[in-house]
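Trainee: Hi! Could you walk me through this one?

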Amino acid sequence: MATVVGKKSKIVTRGLKYCWDAGDSSSYPGSGTTITDMVSGKQGTLNSMTYDSGNGGHLIANSSSDEIQFTESDFTDSFTDFTIETWVKSNQGDTNTYSYIFDWNPSGDMLRIRFADFGYGYHLQFNMQSGGGINDAYNCGLTEDDFQSGFRQIVWTRISGENRVYVDSEHKQVRGGADPSAGYSYTSYADSWSDSTTIGVPSTGYFNMAAMDNGEWSNTKMYSVGLTAAEVLQNYNALKNRF
């Protein structure tokens with residue numbers, strides 16, 4: 001297994017299901033359009049993204065069509081507890097667009113991390129939908145402008161139905177509610193939100209990453225368990241010196 005998931009990097013391997021990294025030649029060799037998951041071997045396709053060797057190796061997106069795309073039928077996992085971790089940088093700051101960082105979107109279910117606007121206030125936002133219900137949105141206090149100075153770690157973790165958000169290993173409060181354009185108001189900021197719905201397999205929807213319009217992506221990991229705060233910090237310390 002590549003060093004990014006081995007002893008040298010000391011990242012958490014408990015429950016690790018997928019690990020893509022533009023800075024590890026076992027995942028991306030620095031050229032071509034194929035990126036490989038170092039845990040399962042599942043592959044994604046780069047759409048118009050370019051490689052840069054800085055910050056240990058990363059990919060650059062500079063239009064809405066630039067992204068990493070996956071064949072949905074390759075994935076057969078569903079999740080109740082989970083963790084999504086990704087490292088990204090914005091090159092545009094707050095603007096009147098959506099920038100999708102992670103988008104696991106089967107029919108009727110969804111896990112999505114994005115920079116959002118249109119009533120959301122340009123926040124870093126965590127979306128979920130299950131069974132075709134209301135698209136719930138949970139906003140972190142940070143905005144896309146806060147991600148321009150360099151790569152930052154973003155983590156969404158769920159343990160026993162409690163969802164939490166971390167940025168650079170620091171726990172962040174979120175403000176919950178549904179789409180305000182549909183007339184729903186936000187609740188006040190809280191440490192977490194509750195949802196234990198099993199998120200299904202993206203075999204009838206889509207799965208992509210790093211559709212950021214104008215930004216940079218380094219790596220993404222997905223776990224079938226919720227990482228603890230200590231484990232989120234462990235992953236942050238394992239990679240922070242790279243950036």
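We talk about a helix, then about rings.

Mentor: Happy to. This is a predicted model, where local features need pLDDT of at least 70, side-chain atom pairs count only at pLDDT 80 or more, and totals for chains, interfaces and linings use all residues. Residues are numbered from 1 along each chain as its sequence is written, and side-chain values use heavy atoms, leaving out hydrogens and water.

Trainee: Which residues are buried in helix α1?

Mentor: In α1, residues 229–239, they are E231, V232, N235, Y236 and L239. Buried means under 20% relative accessible area, with a 1.4 Å probe and protein chains only. Helices are DSSP runs of H or I with at least four residues, strands are E runs of at least two, and both are numbered from the N terminus.

Trainee: What covers the buried residues of α1?

Mentor: Among the elements covering them are β7 (82–90), β12 (152–159), β13 (162–167) and β19 (215–223), with contact meaning heavy atoms within 4.5 Å.

Trainee: New topic: how many aromatic pairs are there in the whole structure?

Mentor: A search finds 21. Rings of Phe, Tyr and Trp (its six-membered ring) pair if their centres lie within 6.5 Å; planes under 30 degrees apart are stacked, over 60 edge-to-face, and the rest tilted. The F126 and W156 rings are edge-to-face because their planes meet at 85°, with centres 5.7 Å apart.

Trainee: Which strands hold F126 and W156?

Mentor: F126 lies in β10 (residues 123–129) and W156 in β12, so the pair ties together parts 30 residues apart in sequence.

Trainee: Is F126 buried or exposed?

Mentor: F126 is buried, at 0% relative accessible area.

Methods
Buried < 20%, exposed > 50% of the residue type's maximum accessible area, 1.4 Å probe, protein only.
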